[in-house]
Every structure is written in C-alpha cells, then in structure tokens.
Amino acid sequence: MAEPLLVIEGLIKRFGGLVATDNLSLDVLPGEVHAIIGPNGAGKTTLIAQLSGELKSDAGRVLFDGQDITDLPAHALSMIGLARSFQVTSIFRDFTALDNVALAVQAHAGSSFRFWSAARKDRVLRDPAREALARVGLGARADVIAGDLSHGEQRQLEIAMAIATGPRMLLLDEPMAGMGGEESARMVDILREFKGSHTILLIEHDMDAVFALADRISVLVYGRCIATGKPDEIRANEEVRQAYLGEEEAVHA
Amino acid sequence: MRSLNPRVVVILAALLLLALVPPVMGALNQPFYLELFARVMVFAIAALSLDLILGYGGMVSFGHAAYLGIGGYAVAILSHYDIGNGFLHFGVAIVASAAVAFVIGAISLRTSGVYFIMITLAFCQMLYFLGISIEEFGGDDGINTSRSDFGSLLDLGDATTLYYFIFAFLAGFLYFLHRLVNSRFGMVIRGINSNERRMKALGFATFRYKLLAFVIAGVLCGVAGALLANLTQFVTPTIMRWERSGEILVMVLMGGMGSLFGPVLGAAVFLLLEEYLAALTEHWMVIFGPFLVILVLFARRGIYGLIPERSGRNG
Amino acid sequence: MDSLLLLEQTLNGLQFGVFLFLISAGLTLVFGIMNMVNLAHGSLYMIGAYFAAAISQWTGSFILAILLTIPASMLVGVVLEIVALRTLYDRDHLAQVLATFGLILFFNEVVRMIWGPGGQFLSPPDYLAGHVEIIPGAPYPAFRLAIIAAGLIVAILLYVLITRTRIGMLIRAGASNRPMAGALGVNIKLLYTLVFGLGSVLAGFAGLMAGPVLSVEPGMGEPMLILAFVVIVIGGIGSVRGAFVASIMVGIVNTLGRTMIPYLLGSIISTEAAQTAGPAIASMLIYVLMAAVLFFRPQGLFPARTG
C-alpha cells in the first residue's frame, strides 16, 4: 500500500468546555477520494478549519507528504499544494468567472509583483483559467460576472478555482451544498473527472454523491472518527448505521 | 473603428482643458486661476493616491494628509538648510514618504475596519503634533520655502512652467495607476478588497501586497506635497491635520471611488466649490457641511458614476 | 521633582481623564450598540459648552446653566439622531465617517455664525472659583475638584444604570450582540434613540464642565473627539467600564507626560533640545499607547462584543 499523502494524528480542538475535535486520526492515500461524513455537529466544519490553516489546533499533528503542516497559515498550505473549496461560496463577486479562476492561477504562476502589464491579457494566466473553467463545465460562462451566476454555477466556480492552483490534494467542503438533484448529479460527474488525477478529501452530506465518488469513507461522530473503510463496509457497519446512515437513508428514500 | 467609451472621452477632454488653462488664463490675464487649477491638480494627485488604497484596496485611511506634510516638509527643511536641488527635494520627499508609509502601514494593517480608520487618523495627528512642536522649522506658524531648483532644465519660478510640471505628474500618475490596477499586482489588491479570505486560501500572503499598495499611495501623495510646497512656497503643519485627511476622503468619494479619474473630478469640484462658496458668503461651510452629508447619503458612486459606460464591464 | 507639582499634575490628569470619560462613555455606547462611528459627538460637547456659556451669561447662574443645558443637549442629540443619523445605521463606516464629518463642519460654522470666531466665557460659580487645600500647603482649584467629583458621581450613576436596571441590561445586551437583542424582541429603534440621547447628555455635560477650564470656541470638540476615540479603542468598544479605565489612563499619561517628559529628557540631553523634543514626544505618547494596545490586544482592554 502506498504512503498516505495526508496524515492526521490525534487532532484536538476545544472551545471552552466543548471538545469539537476529539483525538481525531485518519489518513488519505494518494489518488483516492476519501469522504468524511457524519451528523450535524460532528465537527466537520471545525476539522476543515483546522486543516486549512484557519483554526489553531490544541493538540495533534497533520502531516502532508511527510511534512508537518499543523500550524501553517492558509496561504502557505495553498503553496505546498493543498487547495480547498468553501462550503459557503467564497468567490470574487464583482469579477468575471474567468477573472476569478485567473487569480487562482496567478497565485501559483510566478510573481504577482508585476505592476505594468495587463493581467487580463496575460495568456500564462488566462489559458489555464479557461481550461479549468471548461473542465467544470463553465467554459461558456467565462465572461459572466461571478455574482450573476446561478448558485450551482458558483459552486462549480469554487471547484474551478481550487483546481486552477495546480494542487496535489483537494479539500472539498460540501461542494454539493444547496444543490438540487440535477445540479448535484452534474457536480458528481464533474468531480468524477478528477478521480485518480487528484487526491481528494471530501466532506459531504449528500449520500448519493458520497457513495458514487468515494474510494474510502470515514465517519465522524462527536469529533472522533468511529469508522473508516470502503463504501460497502461502511454501509454495512452497524454502529455507523445507527449513528448516521439510518436517518439519512430515511430522508433519501 | 472602435466606438469611444464616454468615460475615456471625458478624461481626455478634462486633461485637454487642464492643459489649456495657462494659455487661456494668460490671454484673459487671470493669473489667479492659474494657481487655482494648479492647486486642483496637486490635490487631484493626493486624491488619486488615496483612491488606490481606498477604492481599489478597500483600506479606509483617515491619515493620508500626513504625506502631503512629509513631502512639503522635505522641500521646506532642505531649503531651510540651503539645499535647493530639485532632485534632492523630490528624492527625499519620496524616500521619506515611503519610509513613513512603511512604518505606519506595517502597524496599521494589522487591524481592520474602524480600528484601521482610527489608527491611521492617530498617526496623522502624531505627525501634526510633531510638526507644531519643532520650533526650528516654524512650528505652529509654518515655514517659508524656496522652490526646487532644477537648474537649466526647468525654472519652477515661472508660473506656467510650474503648472505644466504639476500637470505632467498628474497625467503620468493617472496613466501609471491605470496600468497598476490592471496589472497582476492590481488584481491582487482588488481581489483582497473583494474577498481577503479567499485570496489567502488561494495562496496569497495578503499582508505584503496591502503594505506595498499603502506605501505606493504614500509616495504619490508625498510627491503631491512637494509640488504643493513649490506652489505655495509655504508649508505648515495644519496640512497634516486629520480634517485635511477627511477632505481628501471627501474628494475621492465625491468624485467616485475606485475609478481613478473620479477623484480628480472630486478634487476639482471640491476646491472650485470651496472658492465659489467662499466668495458668496463667509459662512459657506454651513452649506458645504450638509451638502457633504447629502452627497454621502445619496450619491453612492460619485460624479464619475453618473457618466455612462460603454459596456457593462468596468476596466 | 517637586512632589507637590507631581500631585497637582496627577490631579489635573485625573480631571482631564474625567472629561474624556464623559465624552467617550456616550461614544462607546453609540459605537458599541449602533455600530456607528459618530464624529459629530465632539460637536455635541461643543454645543453643551456654548449653551451653558450663553445661559450663564444671560442669567448669571451656573446652576441654571446646568439645569437647562442637560435637557437641551438631550434634545439636540435626539433631533440629530432622528433627522440625520438614522439613515446611517445601515451604511458602512466610511459613509458614517464622511457624513458625520460634514456635520462637524456644519456645526462649527453655525456656532461661528451665532457667536463669532472668538472664545466665549463661562465662569465657574463664585463658590467654586477659589482654591481648596487638599493637603496643607497645596492649593488646588476648587472647580477642578468639582469636575473630578462630578465625573466620579456620573461614573457611579452610569454603573448603576447599566448593571442594575432593566434599561441597562438592554444596553448591555445590545452592545454585546445586537442582532440577537433585536431578535429577542427589544425595540431597537427606541433603544437606539435612548442610547444616543444618553450619550448626548454626557457630552453636553462634559462641555458644560469644560467651559470654565478650557476655552469655549468653534472646533473645541475635535481634539477631544480624537482622544475619545483613542480611549474607546484602548478601553474596548462598547464597554463603559473600559472607557472609564482608559480615560483615566489616557488623562494621566497625557498630562503627566507633558510635564515630566521634557523634564526627564532635560536630564539626558540639553535643555534646548528637550524643550523641542519634549512636547512632541508627550503629544505622541497617547497614540503610541493606542498603537501598542491595538498591537497586543486588538479588541481593547475590556471588549464588550461577543456577537
């Protein structure tokens, strides 16, 4: 078995008396889609914040390709190849979709201390940006102002911005958030395109999407990982069913 | 043939009008207006520099007038010690503004929102107090200064030469900032203004970009200060009071922030209105004050925003 | 250093701190609860001073001046809030700063129009015009002592109001978490007007007390306003307790600094240089203090905000 790309060891985060992340350990293998599921309040949002440099952990370690990244700030994480998308859409609303993705490209395409040449005419930025937009199916919407895109399209833009940074691993925070059935199916197709070429840690509520995409699933309950395994194993796991899937299956039926 | 953007037409027309002021005023024998428009241009540069960090960067600095003082005092202090070389004057103005902006920015940019506003205001006041305390350079009364000497290249003693000297800086800075806000650096600043959290997640160490923008703005305003000193031949600490910073903010907002040329219009309207109203009544502030309030409440995009654009996209 | 001089300066610092507290208490509440930057607060202080001066000159009675200025300040404040400031609550800080900046210009000019650009006189009442010997051999102006006493009484009254009454509870809730307070059914509009009125009274009262000590002139509000903002930033926005602690701190540091620093400097460098550099450093001291607080504790010493 290959060396895991991301290793989380004994991660802890407390908010006063509440332990949001409770000695959490899990790993992500290179090239896999590893989904994290769990009921509301399980600590998924806290975990993402800890992994993406927005929240300082109280204890534990996070290793990325052997390197300790536990306390690195958000921009440093992006530079070493860990890209994230946001659960609540976080884009540049006044810029076009293409501008949005071009900024993502620019962050990793050499120096931004250039003061004269027009960035919008820089093909080093625009070409990869167009490509990323095309990969998520927004090719035709490149020149639309991001704030004018539909919700689903904005979620697609989120993904495009994440992959445009040329990451080694994607941290996707509920990419399906707020999407209806058809849009979700489309997003699953988009994400399936990245399977294999990108390592993905996927936080999601949408069970159809999770079972369609994940190579392995970890279940988070009260800040701890209670089970990790292949989708079928998880589906069959009694503890998991009780804690989580039982309710979800009823909703989806 | 490309259809002309109405806004570009306005800008070119305005610049043309400004360029024609000396011959016209010379013919009409109205030297007063020559100086008035020169003042307008100096403050247009100051407002322009503020727009970079305010309109494009979202940094509400209430201490920008400090750099007018730094630039002015660079000229005045060197003159005081009988150093008249123009290159030294402007060189020191630039370096001093950059250094001060760097220090102020490095501290202030650790805060945001109203704290940022207050701390920039505080630093401005600090410099004002420093100015009035130093008797050697005139203290409260201010200090006279001779003009910058550029030898045989330029005679800034000639009103028309000085006018075009200032005009050259205005036009040059306008063009420079136009390129800057559309460059990679400009995109980063605008991105930070739009969504700083996202910028960090993309991999930008946002602090250093904000600081550099802050320094650039300070330097440009410092140059304006040096130009002002040449124009009025007098520098006083009151140019660094927070009320002056407020006035520059008003000019930017009035003209339309985030547009570069808007602040130029704003400076012109502000100063010309001031002249006009002051001629009408001694108590013109009674009109101007409420006018300002109404302007803020209702004219969100300023005067420049009233001019139609050709297409939907803003450049 | 002469210990009597030190004592006198400390008391002066305390008195100045009391002024600052009266002004910044209202400011911090308005800022903390309505999230509004009101630069015109200094104008309310100025208007209080002018009212008091006018009434005192007209009737010769300081007491009457107090009795009439307080409701007058509240009235001006409430009218200002309803007419001009309500629309600013939803706007961003830049808009608030600029609009209230316009109000400053307006008020300064109105005052200039009515009373002229020179200063007005507001004499303290005869029974407070003399000196009191706080310790034998150390006379101190009675009026300044009265200011300190008045300020401390107001501080105690405010404390009781905020911590022991229902209105005070609503104010604290609003300062702590405004949307939540609104969601809980508090009549926000009324609360806002009330808070603003309270702040105006405090500012007007400060102006009234300042009249005999400082000069009553156009633009007198702005220097105090800046310091008040420094105070509330140091103290923590929305916290009256923070405003109190910070005001005393700032008042004492400012006053003692002005006296002591040139003196201390004079022992290290030449007296001439100290004369120049001393006042400069002293006036910058407050801002250095604020910058330091912001650097280490960005929310101030006693932050009230949780929401």
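Trainee: How many residues does the contact take from chain C and from chain B?
Mentor: It takes 41 residues from chain C and 41 residues from chain B, where contact means heavy atoms within 4.5 Å. This is a predicted model, so local features need pLDDT of at least 70 and side-chain atom pairs pLDDT 80 or more, while totals for chains, interfaces and linings use all residues. Residues are numbered from 1 along each chain, chains are lettered from A, and side-chain values use heavy atoms, without hydrogens and water.

Trainee: And what area is buried between chain C and chain B?
Mentor: About 3,500 Å², with 84% given by carbon and sulfur atoms. Buried area is the accessible area (1.4 Å probe) that two parts lose on being put together, summed over both.

Trainee: Which three residues supply more than any other three on the chain C side?
Mentor: Leu94(C), Leu98(C) and Phe101(C), with 17% of the area that chain C buries against chain B.

Trainee: New topic. What secondary structure does chain C have?
Mentor: Eleven helices and two strands, counted as DSSP runs (H or I, at least four residues; E, at least two).

Trainee: How much of chain C is buried?
Mentor: Buried residues are 54% of its 307, buried being under 20% relative accessible area with a 1.4 Å probe, protein chains only.

Trainee: What does the C-alpha trace of chain C span?
Mentor: About 60 × 50 × 35 Å along its principal axes.

Terms used
Buried means under 20% relative accessible area, exposed over 50%, partly exposed in between (1.4 Å probe, protein chains only).
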